[in-house]
Amino acid sequence: MSVMSPRTTSRPASRPSSRPSSRPASRPGQASGTLRVPGLDWVLLLATLALVVMGTLLIWSATATRAELTGGDPDAYLRKQLVNVAIGLVLMVAVVATDHRWVRILAPLAYLASVGGLVMVLVAGSTVNGSRSWIQLGSMSIQPSELAKLAVVIGMALVVAERTERRWGRGVGSLEVVAMLAIAGVPAVLILLQPDLGTMLVLSATVFGVLAIAGAGRRWLVGLTLGAVVGAVGAVSAGVLKPYQVDRFLAFTNPGLDPRGAGYNVEQARIAVGNGGLFGQGLFDGSQTRSGFVPEQHTDFIFTVAGEELGLLGSGLMILLLAVVIWRALTISARAGDLFGRVAAAGIACWWGFQAFQNIGMCLGIMPVTGVPLPFVSYGGSSLFAGMLALGLLQNIHLRSAGAVPSRLLATARPAAR
């Protein structure tokens with residue numbers, strides 16, 4: 001009897017298993033269950049919503065006892081701000097849901113709309129606190145200069161991205177810098193004509209940050225800085241600034257110069273913040289806030305409510321949340337997959353960072369009083385709408401950058417050909 005060699009032993013062909021596979025099938029854009037398309041930047045979103053909630057409560061506290069503002073209804077500004085928040089959330093979701101290709105297509109239209117709004121202000125706007133900055137639409141007033149900040153950022157980002165891509169990525173040259181300055185110059189001139197010095201300072205710092213992030217040469221940055229200093233000195237010498245604006249700067253250098261006039265806001269703001277101590281006097285219980293000693297406390301001086309009623313810990317938490325928001329914006333900029341997203345996200349971070357510093361600084365007496373809102377905290381629809389639109393754009397950039405799976409990872413995840 002012959003014995004067959006083990007090497008020649010025939011084995012039955014394997015049949016496909018009838019048992020269902022325990023591993024789910026890979027989805028498009030997901031490699032073998034190991035790569036997942038990331039979602040929203042939840043740290044950024046939650047930190048921003050926390051600021052919005054804190055701001056809404058502080059606005060309610062700052063206006064509940066001010067019958068001259070509320071007409072005797074202590075909840076009037078609370079309801080108004082809740083409506084602003086709802087509209088802002090809708091705007092944010094709309095931008096997040098917009099395809100990234102449409103974002104770049106609609107950017108020029110957004111810029112032209114903001115310029116049109118600034119022109120309309122000069123033609124038919126209303127004057128508040130010495131500045132012709134508002135358009136009255138029924139019971140709602142719109143401040144186009146707030147929306148112009150975002151429009152300038154995306155306009156400059158679009159210009160540098162389009163021109164650099166056409167030049168095959170050779171970097172930012174003089175023509176690109178001039179084009180970006182022209183984009184920022186038109187709204188800047190219209191804002192100066194209002195005049196709105198606070199918005200102009202924020203816009204100038206934002207433009208400088210965008211140019212630096214985009215890669216403008218040092219000569220341009222140094223030249224613009226020197227030009228701004230010379231221009232400021234010339235404006236003061238030539239009497240371009242309004243008398244009340246000059247008085248504000250004088251009060252900043254010496255608050256005791258006019259304690260009942262230009263220095264009143266700074267002095268009362270310092271007292272309110274100092275009253276808070278470590279833990280604060282309690283929400284709705286601030287003595288300066290309930291007495292109405294601090295002017296414009298629900299808008300420009302909202303941080304004094306946090307300092308007095310929430311104390312050092314509560315106001316410090318607010319500053320920490322603002323820092324988290326700016327950090328996440330810079331992180332999105334660093335991880336952006338295209339130049340437009342990188343410059344736009346960095347520009348938004350510069351805008352929020354300087355405006356927050358300016359607002360909190362004037363409440364503490366380390367910056368002159370210029371009348372800019374605290375992002376996501378101060379009362380006002382225009383500021384909140386612009387901030388939520390910018391937040392939606394950041395999330396859109398994040399989704400586009402994080403959702404793209406690198407091709408080399410997809411190649412390694414595919415099964416080898418047999």
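Student: Which residues does A161 touch, not counting residues up to four places away in sequence?

Tutor: This is a predicted model, in which local features need pLDDT of at least 70, side-chain atom pairs count only at pLDDT 80 or more, and totals for chains, interfaces and linings use all residues. Residues are numbered from 1 along each chain as its sequence is written, and side-chain values use heavy atoms, with hydrogens and water left out. Contact means heavy atoms within 4.5 Å. With residues up to four places away set aside, A161 touches R104, L339 and F340.

Student: How far apart in space are A161 and A214, C-alpha to C-alpha?

Tutor: In sequence, A161 and A214 are 53 residues apart. In space, their C-alpha to C-alpha separation is 9.0 Å.

Student: Which residues are linked with R104 in a network of salt bridges?

Tutor: A salt bridge is a side-chain nitrogen of Lys or Arg within 4 Å of a carboxyl oxygen of Asp or Glu. The side chains of R104 and E162 meet in such a bridge at 2.9 Å, N to O, and this pair links distant parts of the chain, with R104 in helix α4 and E162 in helix α5, 58 residues apart. D338 forms a further salt bridge with R104, the closest N and O atoms being 3.8 Å apart. The network links R104 with E162, D338 and R400.

Student: How many residues apart in sequence are the parts tied together by D338 and R104?

Tutor: D338 and R104 form a salt bridge, and both residues are buried. Because D338 lies in the loop between α13 (311-335) and α14 while R104 is in helix α4, the pair ties together parts whose separation in sequence is 234 residues.

Student: What is the distance between the closest N and O atoms in the salt bridge of R79 with D73?

Tutor: R79 is partly exposed, with a relative accessible area of 44%, and D73 also counts as partly exposed, at 24%. The count for the structure comes to seven salt bridges. In the bridge of R79 with D73, the closest N and O atoms are separated by 2.2 Å.

Student: Which residue's side chain is joined to that of Q297 by a polar contact?

Tutor: Q297 is found in the loop between α11 and α12 (302-309), and it counts as buried because its relative accessibility is 1%. Leaving aside neighbours within four places in sequence, its contacts include A62, Q288 and I302. A polar contact is a pair of N or O atoms within 3.5 Å; within protein, one must be able to donate a hydrogen and the other to accept it, and residues adjacent in sequence count only if both atoms are side-chain atoms. At 3.1 Å, such a contact joins the side chain of Q297 to that of T304.

Student: What is the omega of the cis peptide bond that joins Q194 and P195?

Tutor: P195 has its place in the loop between α6 (174-192) and α7 (197-214). The peptide bond joining Q194 and P195 is cis, with an omega of about -10°.

Student: What is the phi of F376?

Tutor: F376 lies in the loop between α14 (339-364) and α15 (381-403), and it is buried, with a relative accessible area of 5%. F284, in the loop between α10 (264-276) and α11 (287-291), has a positive phi of about 75° although it is not a glycine. F376 is likewise not a glycine, yet it has a positive phi of about 70°.

Student: How many disulfides does the structure hold?

Tutor: A disulfide is a pair of cysteine sulfur atoms within 2.5 Å. C350 is partly exposed, with a relative accessible area of 23%, whereas C363 is buried, at 0%. The number of disulfides in the structure is zero.

Student: What percentage of the residues in the chain is buried?

Tutor: The chain has 16 helices and three strands. Among its contacts with a separation of 6 or more, residues 24 or more positions apart account for 72%. Of the 418 residues in the chain, the buried share is 43%.

Note on methods
Helix = DSSP H or I, 4+ residues; strand = E, 2+ residues; numbered from the N terminus. Buried < 20%, exposed > 50% of the residue type's maximum accessible area, 1.4 Å probe, protein only.
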